[in-house]
Amino acid sequence: GNGTALTGKRVVITAGPTREPIDPVRYISNHSSGKMGYALASAARAAGAHVVLVSGPVTLPAPAGVEVRGVLTAQDMLREASRAVDEGCDLFIATAAVADYRPENCAGDKIKKSSEAMSLSLVRNPDTLATIAGRTDAPFTVGFAAETADVERYATEKMQRKKLNMIVANDVSAPGLGFNSDNNAVTVFWPGGNESMGPDSKTNIARRLMAMIGDHLGEVAR
Ligand code: PMT
């Protein structure tokens, strides 16, 4: 990477978990801390990009020079990410761990404890990454894949199905890597090859990823 590949480019990144309400005091979520997405936003900013970070609920400070737009649910994430892409976007990176399903109904009052068992009806959430990648004016699109087995097969299958330019696969089965940790190890796949990085800090992985994405952005005319 020549380090200036992102000068003036508009980058939109999703990060963190989503929260899907069950009732006024409960929700379904996951262990994403937002660290990977925030590190990528910092690295993109340092490489000269204009960065909008669409973030689920996390406890991280906004990276310097980055515009953070907070969201809660997967539906909010799709709406805010689409709005940010509408404003102009050369590169879209989805690091968020979005809930695939949400409760069909959010109870108006706190659900009371009564019978021994209860069930919750869930419905599919919209897929922000697939929606952005499927636009006729789609930016260069990079997805993440959190897998615990058959990482390469699932990641490349996801890249083709969602029409991505690149996919970053994390093996989240390794202890101390991936979700809610400071470190990560990834393999990046694109239609012409792959490259592994780490284990290393998310900060270093993010810098190397942004340099690599910058090189590919320069090569792919879209
Ligand atoms: O936040 P950290 O604690 O730093 O952890 C980082 C991470 C492990 C969460 C991150 O590196 C990561 O792997 N994010 C993707 C997590 C995931 O579960 O991916 P997935 O296989 O469910 O989804 C594949 C891709 O589609 C992802 O780019 C995801 O953002 C996107 N997606 C998925 C579902 C959905 N409804 N909308 C989406 O945009």
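Visitor: What makes strand 1 and strand 6 a pair?

Guide: Strand 1 and strand 6 run parallel and are joined by four bridges. A pair needs at least two bridges, so strand 1 and strand 6 qualify. One of the contacts along the way is V11, whose bridge partner in strand 6 is L91. Please keep in mind that this is a predicted model.

Visitor: How do the side chains of strand 6 point, and are they buried or exposed?

Guide: L91 and I93 point one way, F92 and A94 point the other way, and all are buried. In a regular strand the side chains alternate between the two faces of the sheet.

Visitor: How do you know how much confidence the predictor places in the chain?

Guide: The protein chain has a mean pLDDT of 93, on a scale from 0 to 100. Of its residues, 97% reach 70 or more. For the complex, the predictor gives an ipTM of 0.99 and a pTM of 0.96.

Visitor: Why is helix 1 called mostly covered?

Guide: A residue is buried if 20 or more other C-beta atoms lie within 10 Å of its own. Eleven of the twelve residues in helix 1 are buried, so the helix is mostly covered. K35, M36, Y38 and R45 are among them.

Visitor: What do the buried residues of helix 1 pack against?

Guide: Their partners are strand 1, strand 4 (50-55), strand 6, strand 11 (183-190) and helix 5 (202-219).

Visitor: How do you know what span to expect for helix 1?

Guide: The expected span is 1.5 Å times one less than the number of residues. For the twelve residues of helix 1 that gives 16 Å, and the model reaches 16 Å from the first C-alpha to the last, close to expectation.

Visitor: Which residues come nearest to the ligand, and what makes up the shell?

Guide: The shell holds 26 residues, and S33, K35, A94, T128 and L129 come nearest. Helix 1, helix 3 (128-133) and strand 9 each supply at least two shell residues. Strand 9 has the largest share, with four. By residue type, the shell divides into twelve nonpolar, eleven polar and three charged residues.

Visitor: What makes the phi of K163 and of N180 worth a look?

Guide: K163 has a positive phi of about 60° although it is not a glycine, and N180 likewise has one of about 55°. Most residues other than glycine have a negative phi. K163 sits in the loop between helix 4 (151-161) and strand 10 (166-171), while N180 is in the loop between strand 10 and strand 11.

Visitor: Is the peptide bond from G198 to P199 cis or trans?

Guide: Its omega is near 5°, and the bond is cis. Most peptide bonds are trans. P199 lies in strand 12, which covers residues 193-201.

Notes:
Residues are numbered from 1 along each chain as its sequence is written. This is a predicted model: local features need pLDDT of at least 70, side-chain atom pairs count only at pLDDT 80 or more; totals for chains, interfaces and linings use all residues. A residue is near a molecule or strand if its C-beta atom, placed from the backbone, lies within 6 Å of it. Ala, Val, Leu, Ile, Met, Phe, Trp, Tyr, Cys and Pro count as nonpolar, Asp, Glu, Lys and Arg as charged, and the others, Gly among them, as polar. Two residues are in contact if their C-beta atoms, placed from the backbone, lie within 7 Å.
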